[in-house]
Amino acid sequence: MKRLVASILFRVRSKCLRTLFSMSFPFFRKPEVGSEWAPNARFPAFRIPASDFDVCPAIVRPHLFFGCMLALFGCSAGPEQIPTVKAPFALALPAHFSPPNLPEDSPMTAAGIELGRRLFYDPILSADSSMACASCHLPERAFTDGRSLAVGIKQRQGRRNALSLANAAYQYKGLFWDGRSASLEEQALIPVEDPNEMGHDWKAVEEALRRHPAYPAWFIEAFGIADTSELTRQLAAKALAQFERTLISADSKYDRVMQGDGAFTELEERGRQIFFDTSEELPQGECGHCHTPPLFTDQTYMNNGLDEAPELASFHDKGRGEATGQYYDNGRFRVPSLRNVSLTAPYMHDGRFATLEEVIEHYNQGGHPSENVDPKIRKLHLADIDKQALIAFLGTLTDSSFVNNPELDDPF
Ligand code: HEC
Ligand code: HEC
């Protein structure tokens, strides 16, 4: 019974909202050059279908606009109130990053981001309601999971290490270790149906979201849909992507020191010089050629010599080659960002290294031979103090205001 009342109230509210949107839109719309300032045909201001009057007749008829405001805020018994203006969200972008490409067909709004955040933390997306996106992308670990290989529903093990989502908005050259996904919207559809991750199917998720007591209203708020039938996986993906674009990490000690606020310790500074090959006396680490600031990745696909391979077809995980079908891409993986790297162990696409010490030792040894291993992977001749210095420098990439930001944390 409670459900029935709630669903009737929801219908009433969504009709009112639709009426309100169609009415108010022309008032906010700028006149096009050469056209008259008049309500346009697509959004007829005063020709509202009769059915819309049926639901809240007494309130709507005399003063359509204020009536609907009343219906939305006054006669609503729902737990959430629906704001009537979809304000564009001004993403706070760090000045020292070049601005990200934002999709034109999904302008960010506060309601869209909030919906995406809820979906991100909600196990409703998994087949047995045991896993959310956040189960493998935990904020306190810079949105990774602390495991070598990801573990999905029913303890099924995946084949790769969970990537950090920090600065995902800036990844233009393909998502995933092999770059097989082109956009955050496209990517967001994948984990739900991956049998080793959330093991669900989108049709069932869409139905669950439509039946849910709160999601329909949140989708209306975010996307102005008129009816629950318009609640689709594509909108869910847009919302998830909007939230993910707010995961910006640009306030580490490194950033502050580079902006003239504070200083590196002696050890960190030594590490910085090795990382960027800037000292005549110290060994050159070559790191900064691939892990290029400010993102600490140049977003290319490289073979950093993890495995010896007599021929490029023999890599166990072909990485980039799997996505492009190119023989010379076998064994290449995306250069990962090193931001927050102290929090994102274990390391590499298969999580083979548990610590940064092991990673540095790998580079120091010069990696393993194969046809396309990058020439910058060579013996580095680092002294113990140099290894410690590199690790200390990597520690300056930790952004505690990012990992502790309550706005990025679980909203439930
Ligand atoms: C079972 C653990 C697991 C779950 C659940 C999961 N992910 Fe992931 N995620 C991973 C792994 C592992 C990778 C790397 C996979 C690869 O490269 O093949 C990844 C990669 C990504 C990437 C690519 C990041 C980049 O920089 O390329 C994004 C974005 C992402 N996940 C978002 C999500 C979203 C959104 C959800 C929920 C809909 C989700 N993930 C659920 C484990 C998980
Ligand atoms: C030729 C380009 C290149 C150079 C030079 C390079 N790296 Fe990498 N780095 C990569 C690639 C590619 C990966 C991912 C490899 C994989 O998982 O298959 C990686 C992975 C890493 C990781 C793991 C990150 C994670 O989230 O799993 C760390 C840490 C790292 N590199 C640090 C360094 C340091 C420190 C140096 C210098 C001593 C360095 N790299 C030099 C290309 C490079």
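Colleague: What is the mean pLDDT of the chain?

Modeller: This is a predicted model, where local features need pLDDT of at least 70, side-chain atom pairs count only at pLDDT 80 or more, and totals for chains, interfaces and linings use all residues. Residues are numbered from 1 along each chain as its sequence is written, while chains are lettered from A and ligands numbered from 1 in the order in which they are written. pLDDT is the predictor's confidence in each residue, from 0 to 100. Here 79% of the residues reach 70 or more, and the chain's mean is 85.

Colleague: Which residues have the most contacts inside the largest nonpolar core?

Modeller: A nonpolar core is a set of buried Ala, Val, Leu, Ile, Met, Phe, Trp, Tyr and Cys residues joined through C-beta atoms within 7 Å. Buried means 20 or more other C-beta atoms within 10 Å of a residue's own, exposed means 12 or fewer, and partly exposed is in between, with C-beta atoms placed from the backbone. The largest core here has 72 residues, and the ones with the most contacts inside it are Phe-219 and Leu-240.

Colleague: Which helix gives the largest share of this core?

Modeller: Helices are DSSP runs (H or I, at least four residues), as are strands (E, at least two), numbered from the N terminus. The largest share is seven residues, and it comes from helix 10 (residues 215-223).

Colleague: Which residues come nearest to ligand 1?

Modeller: Near means that a residue's C-beta atom, placed from the backbone, lies within 6 Å of the molecule. There are 27 residues around ligand 1, and the nearest are Cys-133, Cys-136, Leu-175, Phe-176 and Pro-191.

Colleague: And which are the closest to ligand 2?

Modeller: Helix 14 (287-290) and helix 16 (356-365) are the elements that give two or more residues to that shell. Of the 25 residues that surround ligand 2, the closest are Cys-287, Cys-290, Phe-333, His-349 and Asp-374.

Colleague: Is Ala-142 buried or exposed?

Modeller: Ala-142 sits in the loop between helix 6 and helix 7, and has a positive phi of about 55 degrees although it isn't a glycine. Count its C-beta neighbours inside 10 Å and you get 24, so Ala-142 is buried.

Colleague: What is omega for the cis peptide bond between Ala-345 and Pro-346?

Modeller: Most peptide bonds are trans. Pro-346 lies in the loop between strand 2 (333-334) and helix 16. Its cis bond with Ala-345 has an omega of about -10 degrees.
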